[in-house]
Amino acid sequence: MGAKKSRRWSVVVALGAAAAVIATAPTASAGQPAAEPVGAAQDCNTVRTNWTATAEPHAAPEGLLNAYSNTGKGWTGADSTYSVPLSGGRTAWIFSDTFLGPVNPDGSRPTTTPFINNSFVIQRGGTLKTVTGGTATNPTALVPPPSNGWYWVGAAQTSGAGRNLDVVALRFERTGTGQWDWHWASNYLARFDSKTLKLRSLTPLPSAANVQWSGWLLRDGGYTYIYGVEDLGSAKYDHVARVRGDDLTAKPWEYWTGSGWSADETASSRVLEGVANEHSVTRWGDGYVLVTHDTTELFSKRVLGYFSCSPTGPFVKPVELYQTPETGATGSYGNANIITYNSHDHPDLRRGNTLLVSYNVNSLDANTDLYADVSIYRPRFVGVTLTAAP
């Protein structure tokens with residue numbers, strides 16, 4: 001792998017593992033509590049219930065994506081792993097840093113394999129197709145990189161009666177030539193035509209509070225709630241904004257202050273500590289469930305669920321949903337460099353009371369491991385059934 005790609009993989013590891021990022025922007029909401037105690041506002045069955053979790057690994061579509069990767073004819077591995085239903089029975093799988101084919105017969109990657117910062121895989125039934133920018137012989141990222149950086153993609157949804165596929169894109173910029181000479185710069189909305197999947201526009205989003213507004217999008221009660229992460233490296237805090245309707249480029253955005261809504265982004269309050277840069281908040285019964293990798297632990301294998309009566313929290317009563325078996329020296333790869341990160345739900349693909357949770361797998365020695373074994377850098381899927389404890 002060339003030096004340019006090597007530096008980018010260092011970024012992937014830092015973002016996913018929640019440990020090594022050094023914040024360079026002003027800190028939002030310093031000194032505010034991570035959450036509030038359960039009170040009258042938390043009087044709903046979802047919070048009153050004591051939940052237990054049963055997990056079944058290797059849930060669909062893991063096998064389908066693995067088989068497609070093995071063909072080496074397109075996408076062969078990536079992270080982020082958001083999904084959006086599209087017209088015509090399609091599902092858009094939305095990925096950040098992406099390897100493309102080919103794949104060697106022994107399951108390794110050629111060191112010359114193409115690598116881009118974002119891509120789609122479009123699923124229709126059992127058929128998959130990779131979508132990138134550029135051409136077949138010279139593929140590029142769907143969101144063209146700025147001259148001194150790149151875009152990673154985040155939460156996504158359709159808008160405009162399904163005509164648009166809207167993807168939050170995080171702009172990262174280099175500040176020098178060293179390994180850690182880069183920083184998150186700003187938030188954007190990348191709008192694609194949902195039929196042709198061509199990029200229509202790239203629009204700046206609010207970016208004044210050191211919050212990456214890309215964690216999750218939730219439509220609820222006439223609003224789209226936008227969940228963002230204040231990433232301080234060793235500590236990560238969830239924030240909540242909202243906008244009326246489904247157009248994230250509309251104004252005004254409002255920000256949850258802990259007691260109400262404000263038009264001032266810097267008044268945004270910390271809602272929960274220990275979330276991953278990518279997580280989910282979805283309806284569950286008469287309340288909500290937040291699914292996240294546990295970032296209070298370094299390189300954690302724990303996937304947690306929190307519960308609330310409101311989309312703004314407080315999120316309480318954490319339940320361990322799963323422990324990722326790949327992680328660390330005692331994991332399934334027997335490799336201390338293997339990490340897991342960025343767990344979240346796929347609510348449109350749930351079955352009954354079973355969540356469909358994905359997470360990403362990577363290596364701290366990406367320049368070696370991800371080329372030696374194509375299976376590492378693929379999303380995993382787990383069916384998590386929540387039941388009320390007796």
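This is a predicted model: local features need pLDDT of at least 70, side-chain atom pairs count only at pLDDT 80 or more; totals for chains, interfaces and linings use all residues.
**View 1. An open sheet of four strands, β11 to β14.** The strands lie in the order β11-β12-β13-β14, and their pairing is antiparallel. At the edges of this sheet stand β11, which spans residues 149–159, and β14, which spans residues 199–205, each of them pairing on one side only. Direction ignored, neighbouring strands of the sheet are turned by 25 degrees against each other on average. Between β11 and β12, the latter formed by residues 164–174, the antiparallel pairing extends over nine bridges, and Thr 158 has Leu 165 in β12 as its bridge partner.

View 2. Thr 98 belongs to strand β5, which covers residues 98–100. Because its relative accessible area is 0%, where under 20% is the limit, Thr 98 counts as buried. The side chain of Thr 98 reaches the backbone oxygen of Ser 96 at 2.5 Å. When neighbours within four places in sequence are left aside, the residues in contact with Thr 98 include Trp 75, Gly 77 and Ala 78, as well as Pro 114, Phe 115 and Ile 116.

View 3. Strand β23, made up of residues 302–308, is mostly covered, with six of its seven residues buried. Strand β22 (residues 287–293) pairs with β23 in the antiparallel sense over six bridges, and here Val 291 has Gly 305 of β23 as its bridge partner. Strand β24 (residues 316–323) also runs antiparallel to β23, to which five bridges join it; in this pairing, Arg 302 stands opposite Gln 323 of β24.

Terms used:
Residues are numbered from 1 along each chain as its sequence is written. Side-chain values use heavy atoms; hydrogens and water are left out. Two strands pair if DSSP finds at least two bridges between them. Helices (H or I, at least four residues) and strands (E, at least two) are DSSP runs, numbered from the N terminus. Axes are lines fitted to C-alpha atoms, for helices over the stretch in contact, and angles run from 0 to 180 degrees between N-to-C directions. Buried means under 20% relative accessible area, exposed over 50%, partly exposed in between (1.4 Å probe, protein chains only). A polar contact is a pair of N or O atoms within 3.5 Å; within protein, one must be able to donate a hydrogen and the other to accept it, and residues adjacent in sequence count only if both atoms are side-chain atoms. Contact means heavy atoms within 4.5 Å.
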